[in-house]
Amino acid sequence: MEQMTSPLRRIDRAKKHLDVLNAEISSFLASKPYRATIDRNVQERCYIVHPYLSRSYPTTWGLLIGEFAHQLRSALDNIAWSVAIRKDTHTSFPIFIKKNRDFVVRLEYLRDEVRSDVEALQPYNAGQGQERGHPLWVLQTINNIDKHRLILPGTTRISVATGLAHPKYA
């Protein structure tokens with residue numbers, strides 16, 4: 001159980017970052033930072049709503065997201081270290097979207113009895129076109145981005161639905 005102390009501490013630390021992030025998001029949303037302009041389109045007999053944020057997301061969110069990802073990724077690496085038969089600077093929990101030679105080499109660092117479990121968790125098992133959405137690949141990507149750049153949260157899409165279909169689009 002001693003081997004699992006470090007990963008469990010890292011997971012606990014990640015949860016604390018996530019709790020702070022969730023509290024900050026709730027506070028931000030409670031301040032109602034969103035606005036909208038409404039244009040009347042006489043020709044189409046409808047209104048067009050243009051939602052927008054009246055202020056930016058706090059940059060601290062990016063720091064919290066990066067710290068959360070780092071702690072989870074480090075916990076996986078701590079687990080790999082604890083089950084490794086070979087320990088050096090390349091000893092880490094492998095996360096791959098394609099089964100290739102690099103993956104096989106990394107897998108050989110681990111004890112035989114855990115290799116099939118680690119392989120079963122790989123993003124390349126998610127199915128064609130689903131690899132990049134796999135939680136481990138998303139974690140890997142966020143962690144790598146955060147090591148080199150500041151994560152800047154943003155909105156990519158806002159949808160507004162009225163419940164009534166316009167005849168043109170029905």
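**A hairpin and a pair of helices**

In the hairpin built from strand 1 and strand 2, four residues sit between the strands, and R45 has a positive phi near 55 degrees. This is a predicted model, in which local features need pLDDT of at least 70 and side-chain atom pairs count only at pLDDT 80 or more, while totals for chains, interfaces and linings use all residues. Residues are numbered from 1 along each chain as its sequence is written, and side-chain values use heavy atoms, with hydrogens and water left out.

Across the pair, R35 stands opposite Y52 in strand 2. Most residues other than glycine have a negative phi. K32 belongs to the loop that links helix 1 to strand 1.

Taken as a whole, the chain holds five helices and two strands, counted as DSSP runs numbered from the N terminus (H or I, at least four residues, for helices; E, at least two, for strands). Along the sequence they follow the pattern α-β-β-α-α-α-α.

Now to the helices on either side of the hairpin. The axes of helix 1 (residues 5-30) and helix 2 (residues 60-82) come within 8 Å of each other and cross at roughly 160 degrees. Axes here are lines fitted to C-alpha atoms, for helices over the stretch in contact, with angles from 0 to 180 degrees between N-to-C directions. Helix 1 and helix 2 are therefore roughly antiparallel, a label for angles over 145 degrees. Sorted by class, their contact has 15 nonpolar, six polar and four charged residues.

As for burial, 26% of the chain's 170 residues count as buried, meaning under 20% relative accessible area with a 1.4 Å probe, protein chains only. Among contacts (heavy atoms within 4.5 Å) with a separation of 6 or more, 57% come from residues 24 or more positions apart.

Conventions
Angles under 35 degrees count as roughly parallel, over 145 as roughly antiparallel, 65 to 115 as roughly perpendicular and the rest as oblique. Ala, Val, Leu, Ile, Met, Phe, Trp, Tyr, Cys and Pro count as nonpolar, Asp, Glu, Lys and Arg as charged, and the others, Gly among them, as polar. Two strands pair if DSSP finds at least two bridges between them. Buried means under 20% relative accessible area, exposed over 50%, partly exposed in between (1.4 Å probe, protein chains only).
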